[in-house]
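Me: I would like to learn how to read a few features of a protein model, one at a time. Could you take me through them slowly?

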Amino acid sequence: MAEATAAEEKVSEVLAELAALEDPRAREVNEKHGDDHGVNLGKLRALAKRLKTQQELARQLWATDDTAARLLAILVCRPKTFERDELDTMLRQARTPKVHDWLVNYVVKKNPHAEELRLAWFADPDPVVASAGWALTTERVAKRPEGLDLAGLLDVIEAEMKGAPDRLQWAMNHCLAQIGIEHVEYRARAIDIGERLEVLRDYPTPRNCTSPFAPIWIGEMVRRRNDG
């Protein structure tokens, strides 16, 4: 009982710290991207660094359903300790893009069930869940392509990316670009698909940043590698 009370006090203490970090300007910027929190991410990372790894605290912070608390939970958890079904549930609970992205990149990719989840999510009827499957597939395209049907992936992208919901479309486009960047034998086809579908062609891109339009993205990354 004493341990439970202490744990509750710890969570309350951390939530109070997060509340103190709330910045209305940061919230305004974040909400434009669908993220309902107002904590500067640099300050959030500093708090996580001070707390260090605490798996039980991470689980309790996640259970609050607060976006800033969930981002902090991702930073202080032990990625390899989660069970497959636990991660599946967490992904479906991840309401905001930032929580979704961090969960996939910082936790799922480091978990031993990542490949099993990749296959399950890739075929999920929920486009947001499916986007996580595509993100994990993109990771494999870049780092462990053995066993992947790259031509088959390009077939799916060619047929479905144009009409896909935003987050799924973004994930498929990233996979398209990664195939073109990493695999010279598929580069011409990847560029051709991008040119014909025109997905993200007019995406507003800040100066000194690379456009997410696949043909430009592929060309720029290949150029940098060749120059290097």
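This is a predicted model: local features need pLDDT of at least 70, side-chain atom pairs count only at pLDDT 80 or more; totals for chains, interfaces and linings use all residues.

Me: How many aromatic pairs does the structure hold?

Reply: A pair of aromatic rings is described by the distance of the centres and the angle of the planes. Rings of Phe, Tyr and Trp (its six-membered ring) pair if their centres lie within 6.5 Å, and planes under 30 degrees apart count as stacked, over 60 as edge-to-face and the rest as tilted. The structure holds three such pairs. In one of them, W102 and Y106 have ring centres 5.2 Å apart and planes at 40°, so this pair is tilted.

Me: Where do W102 and Y106 lie in helix α7?

Reply: Helices are DSSP runs (H or I, at least four residues), numbered from the N terminus. W102 and Y106 are four residues apart in helix α7 (residues 97-107), and therefore about one helical turn separates them. W102 is buried at 5% relative accessible area, whereas Y106 is partly exposed at 27%; buried means under 20%, exposed over 50%, and partly exposed in between (1.4 Å probe, protein chains only).

A tilted pair is also formed by F122 and W134, at 4.6 Å centre to centre and 35° between the planes. This pair links distant parts of the chain, with F122 in helix α8 (residues 114-122) and W134 in helix α9 (residues 127-143), twelve residues apart.

Me: Which charged end sits over the ring of W62?

Reply: A charge sits over a ring if NZ of Lys or CZ of Arg is within 6 Å of the ring centre and within 35 degrees of the ring normal. Here the charged end belongs to R70, 4.3 Å from the centre of the W62 ring.

Me: What covers the buried residues of α9?

Reply: The buried residues of α9 include W134, L136 and V141, and the cover includes α6 (84-93), α7, α8, α10 (150-160) and α11 (166-182), where contact means heavy atoms within 4.5 Å.

Me: How many disulfides are there by this rule?

Reply: A disulfide is a covalent bond between the sulfur atoms of two cysteines. The rule asks for a pair of cysteine sulfur atoms within 2.5 Å, and the count comes to zero. C77 is buried at 8% relative accessibility, while C209 is partly exposed at 48%.

Methods: Residues are numbered from 1 along each chain as its sequence is written. Side-chain values use heavy atoms; hydrogens and water are left out. Helices (H or I, at least four residues) and strands (E, at least two) are DSSP runs, numbered from the N terminus.
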